[in-house]
Amino acid sequence: LEESLSSWLRGLSQNIGEVFRDNASLFTFYFHYIRRYDAITNLIKTLTQENTKFKEFCDKQEKLIEGKLTLGALLIMPVQRLPRYELLLRELISKTPDRHPDYNRLQRAYETIQGVN
């Protein structure tokens, strides 16, 4: 078991930037969501004011999940995620030596996130 673990650890890459690069296409989903976020929240606000069945449904769901995230809290999460990635990457870049193999990949990942955000 120890040998297998050691072998696995040796094979791990130190290229966090690569992970972001490989998943960059997923960030476009965030872009589209963020662009529509205000419209979504305004629609929900309008529906809760004008549609009693919708308001009752939302109220009932919030009571069922007491102490957990509300609809509004869930809707804001994707909007908050990209700035968190941006902060993470900025911090990683600041702590990564410029000669490290992942430094340029981190820079590109940071630029990608900034482009979406």
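The structure is a predicted model, in which local features need pLDDT of at least 70 and side-chain atom pairs count only at pLDDT 80 or more, while totals for chains, interfaces and linings use all residues. Residues are numbered from 1 along each chain as its sequence is written, and side-chain values use heavy atoms, with hydrogens and water left out.

**Confidence and overall fold**

The term pLDDT stands for the predictor's confidence in each residue, from 0 to 100. Over the protein chain the average pLDDT is 86, and 89% of the residues score at least 70. Where pLDDT is low, the predicted coordinates should not be read in detail.

The secondary structure consists of six helices and zero strands; helices (H or I, at least four residues) and strands (E, at least two) are DSSP runs, numbered from the N terminus. Along the sequence, the pattern is α-α-α-α-α-α. Of the 117 residues in the protein chain, 20% are buried. Buried means under 20% relative accessible area, exposed means over 50%, and partly exposed lies in between (1.4 Å probe, protein chains only). A contact means heavy atoms within 4.5 Å. Among contacts between residues at least 6 apart in sequence, 69% join residues at least 24 apart.

**Helices H3 and H4**

Two packed helices are described by the angle between their axes and the distance between the axes. Helix H3 (residues 27-50) packs against helix H4 (residues 52-64) at an angle of about 110°, and their axes are 5 Å apart. Axes here are lines fitted to C-alpha atoms, for helices over the stretch in contact, and angles run from 0 to 180 degrees between N-to-C directions. H3 is therefore roughly perpendicular to H4. Angles of 65 to 115 degrees count as roughly perpendicular, under 35 as roughly parallel, over 145 as roughly antiparallel and the rest as oblique.

H3 contributes Ile44, Leu47, Thr48 and Glu50 to the contact, and H4 contributes Thr52, Phe54, Lys55 and Cys58. These residues divide into four nonpolar, two polar and two charged. Ala, Val, Leu, Ile, Met, Phe, Trp, Tyr, Cys and Pro count as nonpolar, Asp, Glu, Lys and Arg as charged, and the others, Gly among them, as polar.

**Selected residues**

| Residue | Relative accessible area | Class |
|---|---|---|
| Thr96 | 15% | buried |
| Ile113 | 0% | buried |
| Arg90 | 42% | partly exposed |
| Phe31 | 32% | partly exposed |

Thr96 lies in the loop between helix H5 (71-95) and helix H6 (103-116). The side chain of Thr96 reaches the backbone oxygen of Leu92 at 2.5 Å. Apart from neighbours within four places in sequence, Thr96 is in contact with Tyr103 and Leu106.

Ile113 belongs to helix H6. Not counting residues up to four places away in sequence, Ile113 touches Phe20, Phe27, Leu82, Tyr85, Glu86 and Leu89. Ile113 and Leu82 are 31 residues apart along the chain, and their C-alpha atoms are separated by 6.8 Å.

Phe31 is found in helix H3. Arg90 sits in helix H5. Arg90 and Glu111 are 21 residues apart in sequence and 10.0 Å apart in space, C-alpha to C-alpha.

How values were computed
Polar contact = N/O pair within 3.5 Å; in protein donor to acceptor, adjacent residues only side chain to side chain.
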